[in-house]
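Dear colleague,

Here is the structure I said I would pass on. My notes on it follow below.

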Amino acid sequence: MSEFNRSEKGYLIRYLGAGMVNTFTGLGTITVLTALKFNPIASNIIGFAVGMFFSFILAKFFVFKKRKNTKDQVKRYAISFAIAYGLNLIVLILSKNHMHNAIAQTIAIATYIVVMYIFMRLYIFIDNN
């Protein structure tokens, strides 16, 4: 197995693991706030904000192990998130009337996950010394 394949496999495994931690963190925040009788929309916004923060931190320090260029990475992350989330919504809108909502949501989320990984790997956390 080539060095590239080994490193890519490691990135993917860490990315999926970090994604699980991030999912539990975001959903956990939403669940706790909802249980505390926060407004559901506010709970959702706060949960996603917490999730985005943890996603960036985990990707930077655990998945890709990039300690430098934080300011540039935050800018690239924000742009990438907007694009990936936009594609997620487009896929959901286009597919929701053609299949069960749960399947449409799964395909939309999978689109976000794949697109965000590509952005992280090739744009957000690139080495530009």
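This is a predicted model: local features need pLDDT of at least 70, side-chain atom pairs count only at pLDDT 80 or more; totals for chains, interfaces and linings use all residues.

Leaving aside residues up to four places away in sequence, Met120 is in contact with Tyr15, Ser55, Ala59, Phe64, Tyr77 and Phe125.

Met120 also belongs to the largest nonpolar core, which has 18 residues. The members that touch the most others are Tyr15, Phe64, Tyr77, Met116, Met120, Ile124 and Phe125. At least two core residues come from each of helix 1 (3–35), helix 2 (40–63), helix 3 (70–95) and helix 4 (101–124). Helix 4 is the main contributor, giving six residues.

On the surface there is a nonpolar patch made of Ile79, Ile83, Leu87, Ile90, Leu94 and Tyr123. Together these residues have about 520 Å² of accessible area. Helix 3 supplies the largest share of the patch, five residues. Ile83, in helix 3, counts as partly exposed because its relative accessibility is 39%, between the cut-offs of 20% and 50%.

Most residues other than glycine have a negative phi. With a relative accessibility of 30%, Asn69 counts as partly exposed.

Regards

Conventions:
Residues are numbered from 1 along each chain as its sequence is written. Side-chain values use heavy atoms; hydrogens and water are left out. A nonpolar core is a set of buried Ala, Val, Leu, Ile, Met, Phe, Trp, Tyr and Cys residues joined through side-chain atoms within 4.5 Å. Buried means under 20% relative accessible area, exposed over 50%, partly exposed in between (1.4 Å probe, protein chains only). Helices (H or I, at least four residues) and strands (E, at least two) are DSSP runs, numbered from the N terminus. Contact means heavy atoms within 4.5 Å. Patches are made of residues with over 30% relative accessible area and no salt bridge: like charges are joined within 9 Å, nonpolar side chains (Val, Leu, Ile, Met, Phe, Trp, Tyr) within 5 Å. Accessible areas come from the Shrake-Rupley method with a 1.4 Å probe; for residues, only the protein chains shown count as cover. A salt bridge is a side-chain nitrogen of Lys or Arg within 4 Å of a carboxyl oxygen of Asp or Glu.
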